[in-house]
Amino acid sequence: MRRALLQAVILMLAGAAIGLLVNAFLQKGIPLIRPPKPQLRDQDRIPLAEAKELWDLGTAFFLDARAPADYAAGHIALSHNLPVEQFDQYFPKMAAMLSPDSEIVVYCDGEQCDLSHSLMTLLRERGGYNHVRVLANGWTLWRNAGFPTESGAEP
Amino acid sequence: MNARQQMFGRLVKFLARLLVGGIFVYAGVVKIFDPAQFAEDVANYRLLPSVLVNFMAITLPWVETVVGIVMVMGFWLPGSALVITGLMGVFLVAIGQALVRGLDIQCGCFGTIEAGKMDAMTLARDVGLFILAAWLYLRASVAEGNRGKKNESAKRGN
């Protein structure tokens, strides 16, 4: 038992040490301590009911901030995919459909998901769109409410 | 125990080692090169204080890889089986609490390779791995104990 414990401790320390060392040199390395996430302000959020009203009126653009594979697996009907991690690649196509006054609803999935938050910031700062709001935990809320959804990749 | 049973036992142990160790190496390696994504997955479990999330995301894949390799190669079996059993226990608690709390999250167990949300199947798979790892640990400890006794009696004989 003592020997097993000693081996276990050595193995864990060795793994942790290699991990820390590799992370220091890895191009995609991350800081040892996670910076706190910026909080979403209340005025940046759109409640589900209001989002549905805008969807019914057909006046707002719905943008899905998730990766293309997640979008293809299922998304809010008539929404477009603007994966925040490939913003530069997808944005020009979206920009052609949007005007500075467009009402835009961005969403991703999960309470903790901050892709939509990042997308909102990018759209405001890089695109100059001022009417962007986040439908927090959007995909789950929308789907659970039984509102229209569809699947398939962005054409 | 006759020779045939012993052979069979050894074969099962060998296969269990390959399976458990192999899965750990695989699970570790696929997460190594995208620590940011894995940190997200770890954070989603909402189990660790945020100061520890990145440390876990940086070190855990390598610990998995190292113990997996050691187990497949078959040395330090008591130690590697103990780490894997312990880790599987921790994973079970993490997944179990997430399912109980209704967190709609990805497992993150195999990085982004395993698409979709985790469910009871994830838990069942991990229970299987936990049992296998615990069995390997117990077997290795017994073997180790026997060897100790043999050495002692050999010494006494001299």
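Residues are numbered from 1 along each chain as its sequence is written, while chains are lettered from A and ligands numbered from 1 in the order in which they are written. Because the model is predicted, local features need pLDDT of at least 70 and side-chain atom pairs count only at pLDDT 80 or more, whereas totals for chains, interfaces and linings use all residues.

Let us begin with chain A, which has 6 helices and 6 strands; helices (H or I, at least four residues) and strands (E, at least two) are DSSP runs, numbered from the N terminus. Reading from the N terminus, the order of elements is α-α-β-α-β-β-α-β-α-β-α-β. Of the 155 residues in this chain, 34% are buried, a label that requires 20 or more other C-beta atoms within 10 Å of the residue's own; exposed stands for 12 or fewer and partly exposed for values in between, with C-beta atoms placed from the backbone. Among chain A contacts with a separation of 6 or more, 67% link residues 24 or more positions apart, where a contact asks for C-beta atoms, placed from the backbone, that lie within 7 Å.

Now to the sheet. In chain A, 4 strands form an open sheet in the order S3-S1-S4-S5, with parallel pairing; two strands pair if DSSP finds at least two bridges between them. The edges belong to S3 (80–81) and S5 (132–135) of chain A, and each has a single partner strand, so one side of each is left without a neighbour in the sheet. Further in, S1(A) and S4(A) run parallel and are joined by 5 bridges, with Phe61(A) standing opposite Ile104(A) of S4(A). Ile104(A) also has a bridge partner in S5(A), namely Val132(A). This belongs to the pairing of S4 (residues 103–107) of chain A with S5(A), parallel over 4 bridges. Because 4 of the 5 residues of S4(A) are buried, that strand is largely enclosed by the rest of the structure.

Helix H5 (residues 115–127) of chain A lies across S1 (60–64), S4 and S5 of that chain and runs at about 175° to S5(A). Such angles run from 0 to 180 degrees between N-to-C directions, with axes as lines fitted to C-alpha atoms, for helices over the stretch in contact.

Chain B has another make-up, with 5 helices and 0 strands. Buried residues account for 40% of its 158 residues, and 73% of its contacts with a separation of 6 or more join residues 24 or more positions apart.

Buried residues in H1(B) include Arg17(B), Phe24(B) and Lys31(B). Ala16(B), also in this helix (residues 3–32), counts as partly exposed because it has 17 C-beta neighbours inside 10 Å. Leaving aside residues up to four places away in sequence, Ala16(B) touches Leu132(B) and Leu136(B).

Finally, where do the chains meet? In all, 32 residues of chain B are in contact with 26 residues of chain A. On the chain B side, H2 (35–44), H3 (50–73), H4 (77–100) and H5 (120–157) each supply at least two residues, and H3(B) gives the most, with 15 residues. That side divides into 21 nonpolar, 8 polar and 3 charged residues, where Ala, Val, Leu, Ile, Met, Phe, Trp, Tyr, Cys and Pro count as nonpolar, Asp, Glu, Lys and Arg as charged, and the others, Gly among them, as polar.

Terms used: Contact = placed C-beta atoms within 7 Å.
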